[in-house]
Amino acid sequence: QVQLGESGGGLVQPGGSLRLSCAASGDIFRLIAMGWYRQAPGKERELVATRTSGGSTNYADSVKGRFTISEDYAKTTVYLQMNSLKPEDTAVYYCNARYYSSSRALFDSWGQGTQVTVSS
């Protein structure tokens with residue numbers, strides 16, 4: 001079993017910045033990718049940014065140029081630097097990890113979510 005511990009959410013004014021962190025711990029044989037998704041009230045969960053262990057990244061069009069995903073895979077930790085935040089970025093942000101366990105089974109694990117609110 002793998003646990004994902006998220007931190008860094010909060011309330012910020014429009015134009016401000018936040019940095020989210022997510023640390024994975026547990027039975028990880030090989031990490032494939034980690035990323036961030038978000039879900040606003042009344043909407044479906046959507047991809048924000050992902051990064052593979054090989055360094056490939058993918059961003060939602062709505063965050064390109066404002067958000068940056070980075071990682072310390074030695075520590076199985078992923079970060080999301082969010083700049084120029086907008087009210088429409090308000091959502092619960094969820095960390096995701098895709099990995100092989102020691103039994104070579106493929107898993108997707110999710111964090112509990114951290115609230116990001118952008119408001120004046």
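**View 1. Asp89 and Arg38 are joined side chain to side chain by a salt bridge of 3.0 Å, N to O.** The pair links distant parts of the chain, 51 residues apart: Asp89 sits in the loop between strand S8 (77–82) and strand S9 (91–100), and Arg38 in strand S4 (residues 30–39). A salt bridge here is a side-chain nitrogen of Lys or Arg within 4 Å of a carboxyl oxygen of Asp or Glu. Helices (H or I, at least four residues) and strands (E, at least two) are DSSP runs, numbered from the N terminus. Asp89 is buried, at 1% relative accessible area. Buried means under 20% relative accessible area, exposed over 50%, and partly exposed in between (1.4 Å probe, protein chains only). The model is predicted, with local features needing pLDDT of at least 70 and side-chain atom pairs counting only at pLDDT 80 or more, while totals for chains, interfaces and linings use all residues. Residues are numbered from 1 along each chain as its sequence is written, and side-chain values use heavy atoms, with hydrogens and water left out.

**View 2. Arg38 also forms a salt bridge with Glu46.** The closest N and O atoms of Arg38 and Glu46 are 2.7 Å apart. Arg38 counts as buried, with 6% relative accessibility, whereas Glu46 is partly exposed at 38%.

**View 3. Asp108 and Arg98 meet through their side chains in a salt bridge (2.6 Å, N to O).** Asp108 is partly exposed, at 37% relative accessibility. Arg98 is partly exposed as well, with a value of 37%.

**View 4. Arg38, Glu46, Arg66 and Asp89 form one network.** The four residues are joined by salt bridges that share partners. In the whole structure, a search finds 6 salt bridges.

**View 5. Tyr37 is placed in strand S4.** Which residues does Tyr37 contact, leaving aside its neighbours within four places in sequence? They are Arg45, Glu46, Leu47, Val48, Thr50, Val92, Tyr93, Tyr94, Asn96 and Trp110. Contact means heavy atoms within 4.5 Å. Tyr37 and Gly113 are 76 residues apart in sequence, and their C-alpha atoms are 9.2 Å apart in space.
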